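Open the structure in your viewer and keep the selection tool at hand. This tour tells you what to select next and what is there.

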Amino acid sequence: MQHLVDTNDFSNAQITQLLQDAKSFKAHRPPQLLHDKLLITLFFEASTRTRSSFEVAAKRLGASVVHLDPSRSSAKKGESLEDTFANLCAMEPDGIIVRHSHNDTPKILANMQSTPVINAGAGNYAHPTQALLDLFTMVEHFGGNVEGKTIAIVGDIVSSRVASSGIRLFRRMGMNILLVAPEQFMPDSTLKQYKNLEDVMDKVDVIMSLRAQLERHEKELFEDYDDYASQYCISKKRMGDRKILLLHPGPVMRNIDISDEMLEDPRCQVLTQVKNGVFMRMAILKLLLLDS
Ligand code: NCD
């Protein structure tokens, strides 16, 4: 039984396979490969893109999807996460897709070895399907290879599971990674760190902007987000005419993370990421439910 807790669960050969499958699913709509499969989504945190992307991906491959809304489940009556999970597993789904605010939840559930567990975002630790769809988007953009390319990750890096998983995966793929953030948003890291966005603009092929994750801060880290935006918002003025690929996992805080004008610019591929997310998740479901 294979799980996806983080991208290190996949070998390099499997990542190559995922990129190939995602590409071919994008080129030709695939047959109903998962027509006899059933997935359950269990999201303890809010989600727009990830949950619907998994559902669309599963349904495009012919699988059925059941959602459990924890805010209306027996979790509200005090049932433990493990018991909720064990009860869902007793219904014999082919996999459970889980999002939780705790870093360890997907690992704990995977260790129960009852059904494949797919991490759809855990705390600030891992969001492997986002990292893989971001990799797919960059591979596609650069015509097949990201080795030697430089990416700047800009924003609230310390709170971001997108950054955590991305850093591990992009490093493994041979990318150079620069971290750009004010002190409050900078994690402990051996990667190159910059306070000023201007200092990296001529060094990078890709910018990944991140949302300030206010809900994860115990206290307000910034008094004034206009002040933050004036230093870190990706605007047309900052980008100039540089050929930089601009990514963001969403939700974008307009004019804080990326300016309205830049969101309309063809260098900004935020909606391509969303589109590619469906194809990458189709590839991931195929790998976990059919090929493993
Ligand atoms: C992110 C998440 O929830 O980790 N969004 C996503 O899944 N695409 C990032 C965020 O909430 O800022």
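We start with the whole chain and then stop at single places.

**The whole chain**

Show everything first. Bear in mind that this is a predicted model. Switch to a cartoon view, and you can look for 10 helices and 9 strands. Now show only the C-alpha atoms. They fill a box of roughly 55 × 45 × 35 Å, taken along the principal axes.

How does the radius of gyration agree with that of a compact globule? For 292 residues, a compact globule would have a value near 19 Å. The chain has 19 Å, so the two agree.

The chain exposes about 13,400 Å². Carbon and sulfur atoms supply 46% of that area. Buried residues make up 55% of the 292 residues.

Colour the charged side chains. You will find 34 positive and 37 negative ones. The centres of the two sets lie 5 Å apart.

**Stop 1: helix H6**

Select residues 161–172, which form helix H6. At 1.5 Å a residue, its 12 residues should span 16 Å. The C-alpha atoms at its ends are 17 Å apart, which agrees.

Is H6 largely enclosed or largely open? Of its 12 residues, 9 are buried, so the rest of the structure largely encloses this helix. Pick out the buried residues: Arg161, Val162, Ala163, Ser164, Ser165, Gly166, Ile167, Leu169 and Phe170.

**Stop 2: Gln32**

Select Gln32. Look for it in the loop between helix H1 (12–27) and strand S1 (38–43).

Which residues does Gln32 contact, leaving aside its neighbours within four places in sequence? They are Lys59, Arg60, Leu61 and Gly62.

Gln32 and Ile234 are 202 residues apart along the chain. Draw a distance line between their C-alpha atoms: the separation is 41 Å.

**Stop 3: Ser235**

Move on to Ser235. This residue sits in the loop between helix H7 (225–232) and helix H8 (236–239). Is Ser235 buried or exposed? Its relative accessible area is 17%, so Ser235 is buried. Show its surroundings, leaving aside neighbours within four places in sequence. Ser235 is in contact with Ser259 and Met262.

**Stop 4: a cis peptide bond**

Select Gly250 and Pro251. A cis peptide bond joins them, with omega at about -5°. Pro251 lies in the loop between strand S9 (245–247) and helix H9 (260–263).

**Stop 5**

Most residues other than glycine have a negative phi, and most peptide bonds are trans.

Select Glu92. It is not a glycine, yet its phi is positive, about 60°. Glu92 is in the loop between helix H3 (81–89) and strand S3 (95–100). Its relative accessible area is 67%, so Glu92 is exposed.

Finish with Gln113. Where is Gln113 found? Look in the loop between helix H4 (105–111) and strand S4 (117–122). Phi of Gln113 is near 55°, a positive value in a residue other than glycine. With a relative accessible area of 45%, Gln113 is partly exposed.

Definitions and conventions
Residues are numbered from 1 along each chain as its sequence is written. This is a predicted model: local features need pLDDT of at least 70, side-chain atom pairs count only at pLDDT 80 or more; totals for chains, interfaces and linings use all residues. Side-chain values use heavy atoms; hydrogens and water are left out. Helices (H or I, at least four residues) and strands (E, at least two) are DSSP runs, numbered from the N terminus. The radius of gyration is taken over C-alpha atoms; the globule rule is 2.2 Å times the number of residues to the power 0.38. Buried means under 20% relative accessible area, exposed over 50%, partly exposed in between (1.4 Å probe, protein chains only). Accessible areas come from the Shrake-Rupley method with a 1.4 Å probe; for residues, only the protein chains shown count as cover. Lys and Arg count as positive and Asp and Glu as negative; His and the chain ends are not counted. The place of a charge is taken as NZ of Lys, CZ of Arg, CG of Asp or CD of Glu. The expected span of a helix is 1.5 Å times one less than its number of residues. Contact means heavy atoms within 4.5 Å.
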